[in-house]
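Me: I've got a structure open and want a quick tour. Can we start with the terms, then walk through it?

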Amino acid sequence: MSSSTPSDHSSSSLPIFCKSLTIVDVEKKLSVPTKALKHLPSFGDNHHLYIEAMDDRGYFWSFQCSIRRNGHPKPTLSSRTWLPFVRYRNLTVGDTIKLYKEYDHFTGVNYKIQVDIIRKN
């Protein structure tokens, strides 16, 4: 009888975007690069959706991603769902976040968010 461990199944990770945070990102909402849209779930007829992501500490976060109804989509993560993450992780201007889309043989698509803290002493 064999046991199953996480290394027993295949998964691959695709970086969706990497961003150095700006003042708007840490005080209002996260501006998401437009090129990331092709890696997110379809918005269909809606102008927003939720992205469930696990951070690099193992906590799950639900981020509301919105796009404009007309013209350039300009995706953002809403302040209501983004700013609690910023406060919890004590993020500041210059810190970097990376959002990954992971394909897992058993669980399907998962999202992960990684934080790189940059502090100058």
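Predicted model: local features only at pLDDT ≥ 70, side-chain atom pairs only at ≥ 80, totals over all residues.

Me: Which strands does the hairpin join, and through how many residues?

Reply: The hairpin joins E6 to E7, through three residues. E6 covers residues 96-104 and E7 covers residues 108-116. The two strands run antiparallel, with nine bridges between them.

Me: Which residue in E7 stands opposite Leu99?

Reply: Ile113.

Me: Back up a bit. What's the order of elements in the protein?

Reply: From the N terminus, β-α-β-β-β-β-α-β-β. That comes to two helices and seven strands. The protein has 121 residues, and 36% of them are buried.

Me: Which residues of H2 are buried?

Reply: Thr81, Trp82, Leu83, Phe85, Val86 and Arg89. H2 spans residues 79-89.

Me: What comes just after H2?

Reply: Asn90, with a positive phi of about 55°. Asn90 is not a glycine. Most residues other than glycine have a negative phi. Asn90 sits in the loop between H2 and E6.

Me: Is Asn90 buried or exposed?

Reply: Exposed, because its relative accessibility is 52% and the cut-off for exposed is over 50%.

Me: New topic. How many cavities of 30 Å³ or more are there in the whole structure?

Reply: One. About 80 Å³ of space lies in the largest cavity.

Me: Which residues are closest to the centre of the largest cavity?

Reply: Phe17, Ile51, Phe63, Leu77 and Leu99. The lining has 13 residues. Strand E1 (11-20), strand E3 (48-55) and E6 each give two or more residues to that lining.

Me: Where is Val24 found?

Reply: In helix H1, residues 23-27.

Me: Why does Val24 count as partly exposed?

Reply: Because its relative accessibility is 41%. Partly exposed falls between the buried cut-off, under 20%, and the exposed one, over 50%.

Methods: Residues numbered from 1 in each chain as written. Heavy atoms only, no water. Helix = DSSP H or I, 4+ residues; strand = E, 2+ residues; numbered from the N terminus. Buried < 20%, exposed > 50% of the residue type's maximum accessible area, 1.4 Å probe, protein only. Pairing = 2+ DSSP bridges. 1 Å grid on protein atoms, 1.4 Å probe; cavity = no way out; pocket = protein on both sides within 12 Å on 5 of 7 lines; lining within 4 Å. Points joined across faces, edges and corners; volume = space filled by probe spheres on them.
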